[in-house]
Amino acid sequence: MFYINNIEYSNQLIFSVFINIIMYVFLHKQKARQSHSTTLFQWLILSTILVAFFETLGWIVAVPNNDTLKPFHYLSNVLFFSFNTLPAALGLRYLDYIISLSKERNKKNLFFYLAPVYLNIGFVIFNVFFDGFLFSVDAANVYHRGIAAYIGNGFTFLFVVIIILGFFRNKQMITGRITQVIISLTLLPIIGVLLQTLFYGLSFSIPAYTLAIFISFLLMERDELLKDPLTLLNSRIQMETRLQYKLKSQEPFTAIMIDVNNFKTINDVYGHTIGDKVLKDVSRILLSCAKFEDFVCRFGGDEFFIILESANDIGNSYIRRIDQILLEYSSSKPYLITLSYGLVYVDHSIKYKVEDLVQITDQLMYKDKSSRRL
């Protein structure tokens, strides 16, 4: 029979499984509107459920002095140690994509991100011949942790830190919200694993992963279902709703229509794959120059619409920041990326309707584009 007291030790794991299942089912039901980032996020959720299941099973079959359950206890630990770093690997893969927005790069990097998993599988195989190196289950069916468990955790910590520092080398593509997701998906699991390592017999890692995933779900994936699938920016429908609210609120703000100059030429000369990458990179630059509360959307094609929430007229300083980053960005590319802008500071001295403001910023943007051709 199972040792019912051990279920009390694993109740946090069981609760974590339920929370992850709820998030997965919710995202799965929105399958028709999913982006690639949401698919990667679902794989992260599934990996956490898998590891939680193996760890829960390990607790349930850890019945002292039960020879019948001893093989199951050993097998559950084999499976747990083989895959307990899989959420970390898939978490890095998810972060890689929401920063780079490159499916090709993301696919290539997966093999590298799985390094902690390969290491642990190697430890598991080694443990078969040298029992106790990673873990052992003694004659009384009691689990004991080996030195390799600490080595594996230490390697994973170091690996994650190095990868995250590498992400921030491309800081112009990292927005405030993405920074929050990075912190959630790295710091919380690290704290959870560290506590589980220090306090022998407690399960903190999976609940920490679940909390990190839930925070990331609220910050990123819940809204991703409504966003533009290519750039992951807000959609035009969201923009019109936000603009309508701003015009009713009587709070000053800045509206900017933006267009990528000579985008058709880039598509024709370098291909649509490069064209898509340009749109993704411009999107990240627009976001990186904006504050968290500002609104950035893909209006359509190679056009974008920005709502700056500041009560001050800061549109020109925002544009200067964008142009400076674009200049640095283009220095390593065979093409030059420049933008045209249509800017209106709305202080409500003039009453606008949504369609009027969109039309005016659009006209100003085309006027700016024409002046650049002279």
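This is a predicted model: local features need pLDDT of at least 70, side-chain atom pairs count only at pLDDT 80 or more; totals for chains, interfaces and linings use all residues.

Modeller: Apart from neighbours within four places in sequence, D259 is in contact with D302, E303, T338, L339, S340, M365 and K369. One of these contacts is polar: the side chain of D259 meets the side chain of K369 at 2.4 Å. D259 belongs to strand β3, which covers residues 253–260. Its relative accessibility is 5%, so D259 counts as buried, the limit for that class being under 20%.

A residue of the other class is K291. K291 is exposed, because its relative accessible area of 52% falls in the range over 50%. K291 sits in the loop that runs between α13 (272–289) and β4 (295–300). In sequence K291 and L308 are 17 residues apart, while their C-alpha atoms are 8.0 Å apart in space.

On the α13 side the contact is made by K277, V278, D281, I285, L286, S288 and C289. From α14 the contributors are Y318, R321, I322, I325, L326 and Y329. Sorted by class, the contact of α13 with α14 has 9 nonpolar, 1 polar and 3 charged residues.

Technical notes: Residues are numbered from 1 along each chain as its sequence is written. Side-chain values use heavy atoms; hydrogens and water are left out. Helices (H or I, at least four residues) and strands (E, at least two) are DSSP runs, numbered from the N terminus. Buried means under 20% relative accessible area, exposed over 50%, partly exposed in between (1.4 Å probe, protein chains only). Contact means heavy atoms within 4.5 Å. Ala, Val, Leu, Ile, Met, Phe, Trp, Tyr, Cys and Pro count as nonpolar, Asp, Glu, Lys and Arg as charged, and the others, Gly among them, as polar. A polar contact is a pair of N or O atoms within 3.5 Å; within protein, one must be able to donate a hydrogen and the other to accept it, and residues adjacent in sequence count only if both atoms are side-chain atoms.
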